[in-house]
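I opened the model today to look up a few residues and the elements around them. My notes follow in the order in which I made the entries.

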Amino acid sequence: MTTSAQSPREDFDAQVIVVGAGPAGAATAHHLATAGVDVLLLEKGTFPRDKICGDGLTPRAVRQLLAMGFDLDQPGWQKNKGLRIVGAGHRIELPWPELSDFPSFGMARARMELDEMLARHAQKSGARLQEQISVTGPVIDDRSGRVVGVTARRTDERGRKVGDELTYRAPLVVACDGVSARIATALGLTRREDRPMAVACRAYYNTPMHDDPWMESWLELWDGKPGRATSFPATAGSSPWATAPPTSGWASSTRAPSSSRWTTRSR
Ligand SMILES: Cc1cc2nc3c(=O)[nH]c(=O)nc-3n(C[C@H](O)[C@H](O)[C@H](O)COP(=O)(O)OP(=O)(O)OC[C@H]3O[C@@H](n4cnc5c(N)ncnc54)[C@H](O)[C@@H]3O)c2cc1C
């Protein structure tokens with residue numbers, strides 16, 4: 001292991017290291033920093049960066065955003081009042097429930113914007129965000145067997161690992177590295193092979209449906225294999241579509257009923 005490129009040391013030591021600055025990592029880092037904890041937030045990408053997702057925020061997610069202090073009355077946050085389900089010849093509108101603990105609305109926000117906002121928010125709260133740092137594995141203390149840090153390498157603008165291995169140290173490491181799960185797999189956790197795999201795609205469309213107060217979910221898209229599609233009315237006249245047929249093969253948003261009739265793809 002080479003650590004000669006590492007200085008000053010305070011860039012590599014913290015009370016808590018959070019691996020991955022997606023929504024989970026950014027929120028964790030924000031709350032820790034707000035509580036006065038010295039936290040390093042390590043992210044292999046650079047913001048803004050995209051993540052394939054439907055971009056939909058349920059009331060549970062909205063509650064978290066409110067808890068983090070976001071003003072959701074600002075432009076860019078488009079609210080919806082529930083879910084319209086289409087399938088088996090039915091079309092049902094299900095409003096978000098009125099509960100004392102949760103807001104009664106959902107929202108949509110492109111992950112390209114949302115994730116950067118969350119990461120910058122954590123930074124403003126005091127978390128030390130380092131981008132273009134790809135964590136390669138945990139550092140384990142020989143005597144206690146505990147994780148006491150992580151190893152990492154810098155990444156270039158194309159995401160390729162470059163340079164020497166770096167060592168970061170903290171008594172607590174939080175793995176928020178998403179589905180890649182670098183830390184968890186290095187510690188022996190394995191993927192559930194009995195779970196179905198899916199292929200998904202997401203696209204944005206200009207559509208007259210962008211003011212629709214409902215998210216819409218099509219539960220039956222058949223192309224020999226089952227699939228589904230969801231649309232979330234979003235800002236700037238665009239509507240993200242996520243299709244997730246639980247099989248490899250096709251995954252095309254144009255298969256979503258009504259999309260070709262109503263929409264012009266915007267990006
Ligand atoms: C097709 C699809 C549609 C979806 N639609 C929705 C939806 O509409 N609404 C919803 O709420 N959820 C949706 N989800 C789920 C949602 O995307 C995830 O639950 C969410 O992104 C998980 O957040 P996270 O922060 O745990 O992980 P991620 O968002 O995956 O973030 C992980 C972060 O860790 C970084 N990272 C990974 N490995 C390393 C490493 N080794 N070193 C440093 N950094 C690393 C990544 O670059 C990334 O920034 C969807 C998922 C898919 C696949």
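Ile133 lies in strand β9; helices (H or I, at least four residues) and strands (E, at least two) are DSSP runs, numbered from the N terminus. Leaving aside neighbours within four places in sequence, I listed the contacts of Ile133, meaning heavy atoms within 4.5 Å, and among them are Leu42, Lys44, Ala152, Thr155, Leu166 and Tyr168. Of these I followed up Leu166, which is 33 residues from Ile133 in sequence, with the two C-alpha atoms 9.2 Å apart in space.

Entry 2, the sheet around β9. I traced an open sheet of three strands in the order β9-β10-β11, with antiparallel pairing, counting two strands as paired if DSSP finds at least two bridges between them. The edges are β9 (133-140) and β11 (161-169), each with a single partner strand, so one side of each is left without a neighbour in the sheet. Between β9 and strand β10 (residues 147-155), which run antiparallel, I found seven bridges, and Gly137 has Thr151 in β10 as its bridge partner.

Strand β5 (residues 82-87) runs antiparallel to β6 and is joined to it by six bridges, with Arg84 standing opposite Glu93 in β6. How many of the six residues of strand β6 (residues 90-95) are buried? The number is zero, so β6 lies largely in the open. The two strands form a hairpin with two residues between them, and I stopped at Ala88 in that turn, whose phi is positive, near 50°, in a residue other than glycine. At 56% relative accessibility, Ala88 counts as exposed.

Most residues other than glycine have a negative phi, and most peptide bonds are trans. Ala181 likewise has a positive phi of about 50° although it is not a glycine; it lies in the loop between β12 (172-175) and α4 (182-186), and at 18% relative accessibility it counts as buried. I then noted a cis peptide bond joining Phe47 and Pro48, with omega about 0°, and Pro48 is found in the loop between β2 and β3.

I checked the buried residues of α3 and wrote down Arg111, Leu114, Asp115, Leu118, Ala119, His121 and Ala122. Seen down the axis of α3, these buried residues fall within an arc of 155°, so they line one face of the helix; the arc is that of the directions from the helix axis to the C-beta atoms. What covers them includes α1 (23-34), α2 (59-67) and β13 (201-206). From this face I picked His121, which is buried with a relative accessible area of 16% and which touches His30, Met68 and Phe70, not counting residues up to four places away in sequence. Just after α3, Gly126 takes a positive phi of about 120°.

I recorded five helices and 17 strands for the protein, and of its 267 residues 43% count as buried. The mean pLDDT, the predictor's confidence in each residue from 0 to 100, is 85, and 85% of the residues reach 70 or more. Over residues 241-267, however, the pLDDT is below 50, although this stretch has 89 contacts in the model beyond near neighbours in sequence. Where pLDDT is low, the predicted coordinates should not be read in detail.

Technical notes
Residues are numbered from 1 along each chain as its sequence is written. This is a predicted model: local features need pLDDT of at least 70, side-chain atom pairs count only at pLDDT 80 or more; totals for chains, interfaces and linings use all residues. Side-chain values use heavy atoms; hydrogens and water are left out. Buried means under 20% relative accessible area, exposed over 50%, partly exposed in between (1.4 Å probe, protein chains only).
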